[in-house]
Amino acid sequence: MASGARPSPSLLLFSLGLLLLCFTSGTTVRLAEAQKTWCVAKPSADEKALIANINYACGNVSCSVIQPGGPCYKPDNPVSHAAVAMNLYYATYGRHPWNCDFQKSALIVQSDPSYGSCTYY
Ligand SMILES: *[C@@H]1O[C@H](CO)[C@@H](O)[C@H](O)[C@H]1NC(C)=O
């Protein structure tokens, strides 16, 4: 049984191949992550829609960052607060287009909207 316990060379080669495959797909995942996107409010969206979006998003995720004293409280306007809240929702439930729709009042962007101490995740 001593020789049978040793893995055959072909099995070793196969494992090596699997390992390589893992590394290769890992690279692909990292590349995909480099294309990170964020969800913001359309500048043209009306205030009613924005407030509805804040209420919806903040009913699902914690929006303490846009509360007074939070890092994203300023500027204190609906577009900015809605964007932060909508992006939190998008980041929390998966960056899928359907999580950044908000009745067509949202926009997926490819540049990080973070500013000052306010981080968009
Ligand atoms: C967010 O909250 C709404 C209303 O409570 C609910 O219908 C919806 O399923 C929630 N979304 C997620 C992704 O949990």
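1. **The salt bridge.** Lys-104 pairs with Asp-101 in a salt bridge, and their closest N and O atoms are 3.0 Å apart. This is a predicted model. A search of the whole structure finds one salt bridge. Side chains of opposite charge can pair when their charged atoms come close. How accessible are the two partners? Lys-104 counts as exposed, at 60% relative accessibility. Asp-101 counts as partly exposed, at 29%.

2. **Backbone at Gln-103 and Lys-104.** Most residues other than glycine have a negative phi, and most peptide bonds are trans. Where do these residues sit? Gln-103 is in the loop between H3 and E2. Lys-104 is placed in the loop between H3 and E2 as well. Gln-103 is exposed because its relative accessible area, 74%, is over 50%.

3. Is Asn-99 buried or exposed? At 6% relative accessibility, Asn-99 counts as buried, because the cut-off is under 20%. What does its side chain reach? The side chain of Asn-99 comes to 2.9 Å from the backbone oxygen of Gly-94.

4. **Overall layout.** The chain has three helices and two strands. Starting at the N terminus, the elements run α-β-α-α-β. The chain has 121 residues, and buried residues make up 27% of them.

5. **The ligand shell.** Which residues are around the ligand? They are Tyr-56, Asn-60, Tyr-89 and Tyr-93. The protein covers 41% of the 360 Å² of accessible area that the ligand has on its own. By type, the shell residues divide into three nonpolar, one polar and no charged. Tyr counts as nonpolar in this scheme. Helix H2 (47-60) supplies at least two residues of the shell, and so does helix H3 (78-93).

6. Two distances are worth checking on screen. An N or O atom in the side chain of Asn-60 is 2.6 Å from an oxygen atom of the ligand. For Tyr-89, an N or O atom of the side chain is 3.4 Å from a nitrogen atom of the ligand.

7. **Aromatic pairs.** A search of the whole structure finds four aromatic pairs. One of them joins Tyr-89 and Tyr-93. This pair is tilted, at 4.8 Å centre to centre, with 50 degrees between the planes. Tyr-89 and Tyr-93 are both in helix H3, four residues apart, or about one turn of the helix. How do the two compare in accessibility? Tyr-89 is buried, with a relative accessible area of 11%. Tyr-93 counts as partly exposed, at 39%.

8. **Tyr-89 with Phe-102.** Tyr-89 also pairs with Phe-102. The geometry here is edge-to-face: the centres are 5.7 Å apart, with 70 degrees between the planes. Which parts of the chain does the pair link? It links distant parts: Tyr-89 is in helix H3, while Phe-102 is in the loop between H3 and strand E2 (106-109), 13 residues apart. Both Tyr-89 and Phe-102 are buried. Ring pairs link Tyr-56, Tyr-89, Tyr-93 and Phe-102 into a cluster. Among these, Tyr-56, Tyr-89 and Tyr-93 are also around the ligand.

9. **Ser-80 and Ala-41.** Ser-80 lies in helix H3. Ser-80 is buried because its relative accessible area, 11%, is under 20%. How far apart are Ser-80 and Ala-41? In sequence they are 39 residues apart, and in space they are 7.8 Å apart, C-alpha to C-alpha.

10. **A cis bond.** The peptide bond from Lys-74 to Pro-75 is cis, with omega near 0 degrees. Pro-75 is found in the loop between H2 and H3.

Definitions and conventions. Residues numbered from 1 in each chain as written. Predicted model: local features only at pLDDT ≥ 70, side-chain atom pairs only at ≥ 80, totals over all residues. Heavy atoms only, no water. Near = heavy atom within 4 Å. Polar contact = N/O pair within 3.5 Å; in protein donor to acceptor, adjacent residues only side chain to side chain. Areas by Shrake-Rupley, 256 points an atom, 1.4 Å probe, with all protein chains shown as cover. Phe/Tyr/Trp six-rings, centres within 6.5 Å; stacked < 30°, edge-to-face > 60°. Buried < 20%, exposed > 50% of the residue type's maximum accessible area, 1.4 Å probe, protein only. Salt bridge = Lys/Arg side-chain N within 4 Å of Asp/Glu carboxyl O.
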